[in-house]
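The exercises below concern a model of two chains, and each is followed by a solution worked step by step.

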Amino acid sequence: MARERERAAEAYRTYGPAVYRRCLRLMRDREAARDATQEVFVKLVRELSKLEDAAVALPWLYRVATNHCLNQLRNAGRRGEEPVGELEVASGAQPSFPDRHLAASVLARFDEGTQAVAVGVLVDGMGHEELAGALGISRKTVERRLARFLAGARALVGVQP
Amino acid sequence: MTNRCPSDLALEQHLLDPAASPLLAHVEVCPLCRHRVARMLRDGEDFRRYVFPGSVERVEAAAARDRRRWLPFVLAPAGAAVAIAAGLLLVARAPPGPPAGYEGGVKGGSMTLAVYTTGDQGVRALADGAAVPAAAALRFKVGARDCAALWLFSVDAAGQVTRLHPAAGDAAPPPAGGELPGGAVLDGQAGPERIYAVCAERPLPWEDVARAAREAAGGGAVRVRAGAALPGLPPGTAQATLLLEKRP
């Protein structure tokens, strides 16, 4: 068991900064990001073996951290706490400015999988291929979810495509 | 961000091992990415200083708790697999791709390296991969045959190669009994630190040893932990290594 503790601590030390940065970017609050980072690792220690290969571990952690933070934000919105507000979008990201800000303002209305795609493409500025790899889904699924999100988001705010 | 700038995820991968990263050239010339990396490093430091120390216990406890939950179910198969596992362990501990003349390891071969520290329970020998306080005081003991020049040094995650013995001057044979005079105090920075001991049959310049150390383990935490054998040392040179995990 001491070995398990050491492995968990080592994984936390190695990948904790990346998860913390991800949480900080999405939550934009250091206290919330600290709590979220801990929560992510407490959940993940059951699957420590996945953290042994950095090429696999980082996209997986990124995905879990993204989903966790988006859930936290969505739940906070449901409880009537401070809403998500506008996420800090990547400057120069490929989609147009209105689409990116549309994503930030209506994100919480969508399911977890769609949110992850919307954030990856519209907020982080990731390419479809890279995002597909990070989320463990196909490029077609990325494109399908993105199209669904944009259509739904435009409908929600009454914007013509 | 320009069209060619990497995503945050790609930069995270870059930060795990900057020296081996395909993004290194881009980051060095792109002001925006340099700024992004600098900000990421600042946030990483925030994690190391203010998040990790107060939360690592909780993460460790969760790992131990989860292990206990599964223990009754794995005991029987584990017993049956002991012989196989023992064989795998021996293979797994050997460093990858040892160069000609490699004889080291923490134990065995013609060279041994033991590292000691003191704590609440008195003096203890440290195992490979042991966690120690980031500013722990260390003592060293080596065992080597035909050793005309002993170098003891460490490499950390920042790629810093630090001479531990001798601290100055040329290398000399180890003292009788192998216990090195003095010792070393770690730098207080959390992260992995790999200790190497090298024994050569003939005089061996420090510059050659330091270059081999940078090639083997310089350039980030992942490389320090991987701990490749020191390359390019003269035939007949023995080496041993041990990893320490410095905790805040």
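Two residues are in contact if their C-beta atoms, placed from the backbone, lie within 7 Å. The model is a predicted one, in which local features need pLDDT of at least 70 and side-chain atom pairs count only at pLDDT 80 or more, whereas totals for chains, interfaces and linings use all residues. Residues are numbered from 1 along each chain as its sequence is written, while chains are lettered from A and ligands numbered from 1 in the order in which they are written.

**Exercise 1.** Describe the contact between chain A and chain B.

Begin with the totals: chain A contributes 39 residues and chain B 30 residues. Helix 1 (2–27), helix 2 (30–44), helix 3 (54–78) and helix 6 (128–135) of chain A each give two or more residues, and the largest share, 17 residues, is that of helix 1 of chain A.

**Exercise 2.** Find the largest nonpolar core and the residues with the most contacts inside it.

A nonpolar core is a set of buried Ala, Val, Leu, Ile, Met, Phe, Trp, Tyr and Cys residues joined through C-beta atoms within 7 Å, and a residue is buried if 20 or more other C-beta atoms lie within 10 Å of its own. The largest such core has 57 residues, and A:Cys23, A:Ala118 and B:Val59 have the most contacts inside it. Leaving aside residues up to four places away in sequence, A:Cys23 touches A:Ala33, A:Ala36, A:Thr37, A:Ala65 and A:Cys69.

**Exercise 3.** Work out the strand order of the open sheet in chain B.

Two strands pair if DSSP finds at least two bridges between them. Four strands then follow one another in the order 2-1-4-7, with antiparallel pairing. Strand 2 (122–125) and strand 7 (184–185) of chain B are the edge strands, each pairing on one side only. Strand 4 (residues 137–144) of chain B is joined to strand 7 of chain B by two bridges, and B:Leu138 stands opposite B:Ala184 in strand 7 of chain B.

Key. Buried ≥ 20, exposed ≤ 12 C-beta atoms within 10 Å, placed from the backbone.
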